[in-house]
Amino acid sequence: MNIIVVGGGKLGSTITEYLSAEGHDVVVIDTNANVVEELVNTFDVIGVVGNGASYPVLTEAGADKAYLIITATPSDELNILCCMLAKRMGTRHAIARVRDPEYSQQLDFMRSEFGLSMMVNPEYEAANEISRMLRFPSAMKIESFSKGRAELAEIMIGKENPLAGMPLHSLAQHFKAKVLICAVERDEQLFIPTGNFVLQEGDKIHIISSRSEISSFLKQLGIYKQRVKSVIIIGGGKIAYYLAKHLSDIGMSIKIVEIDEKRCEELSEEIPKATIICGDGSDQNLLTEIGIDSTDACVALTGIDEENIILSIYAVYRCVDKVITKINRSSFVKIFNAINGESVVSPKEITANRIIRYVRAKQNSTGSNVQTLYKIVNNQAEAVEFIATEDLSFLGKPIKTLNFKKDLLIACITRGSKVIIPRGDDYIEAGDSVIIVTSNQYLDDLENILQ
């Protein structure tokens, strides 16, 4: 697939990396020659230096025959203009990054009028993910499938956790909840476990089932956390705005700490239900004064990764029950995880996953389309949701009779309102939502899960 990426910043470079790895023909456009050179040297892509809204530049990039253009420059208006021009030149589909909250209120109009296939807002997407974590604080991360009917939760096996030393085949003997442990991270290594796999203290495990079954399982483990009622947000940027607006609307008590006085005034007007504190979020005395010792959750959302990491470590030290950290640099995520950092959010990764899901669905227009896609275990595995079509070769056949590819499992089947954790005698019907967890990345059709 011929794809043009305009903008080589954090989001653009991540998208370029993912698309290149999946075998697409990618052309990167950026006004900075050094940025273009670095991307060309790092990934198997073509680079064009120039303005992505320039007709000659888009012509050089092949917009007349491109399948998709993705615009990720810092300017919303430039991103939209690039897409409009490329579409006029012959590009079939267009995705624009649009971050301004005012534009987010008119997405449907802008999509239809400007011919955009999708508009992505990294800050809004990050706020949604943080909101899910706060509404289910027991998990380090929570991902949703089948319109919320099935969920994938990540937890760590800590000290005295009854799972430590337990083989997976014996779970059903000890716990009543119907859940599946579908992926395990141990010392940065991925395992797609079989029944004989033995869990250890320190493992990060991914559990899939309905929200109620996961909650029941965590209660039996003794690690279930009650609903968050109060949150301190450090940093008053766009993510904080989207997050606080949503959380305050559902009744949570919100305090935002922001050092810029003008921004504080704006937030006070935009989110009247939240308490806005003008001050330095790294000031320990200020954090004590506003109640960090009694809050249920702390979310570090400053524009500096290092500051967010330090603030989160301090919040854990002060025994805050739920701590969420925004980190953009992938190398910092690994460092943070090494010191047992809890929940990490990366806006660029979340947005890139959405775009990859769209590309996979368009790539496979006749088979079982990708509905949802999440990269897990430091991008070593994927959890992919498909809708089973009527022409699937193994419909109605018991799962135990199928020969799956290595390191791949059917993690969950949703049939109507019923969530099925599959066993050997279960089978797939047309119309089922089927969630696959695999280290065989780039899966774009349910038919391809067999050897």
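1. Helices (H or I, at least four residues) and strands (E, at least two) are DSSP runs, numbered from the N terminus. With that in hand, you can find S215 in helix α9, which covers residues 211–221.

2. A word on what you are looking at: this is a predicted model, where local features need pLDDT of at least 70, side-chain atom pairs count only at pLDDT 80 or more, and totals for chains, interfaces and linings use all residues. Residues are numbered from 1 along each chain as its sequence is written, and side-chain values use heavy atoms, with hydrogens and water left out.

3. Is S215 buried or exposed? S215 is buried, at a relative accessible area of 10%; buried means under 20%, exposed over 50% and partly exposed in between, with a 1.4 Å probe and protein chains only. Leaving aside residues up to four places away in sequence, S215 touches F136 and Y224 (contact means heavy atoms within 4.5 Å).

4. Now to the open spaces. A pocket is an open set of points on a 1 Å grid over the protein atoms alone, where a 1.4 Å probe fits, with protein on both sides within 12 Å along at least five of seven lines; lining residues have an atom within 4 Å of a point. The largest pocket has a volume of about 1,000 Å³, a volume being the space filled by probe spheres set on the points, which are joined across faces, edges and corners. Its lining has 45 residues, and K141, S346, E349, K375 and N379 are the closest to the centre.

5. Helix α15 (residues 347–363) gives the largest share of that lining, six residues.
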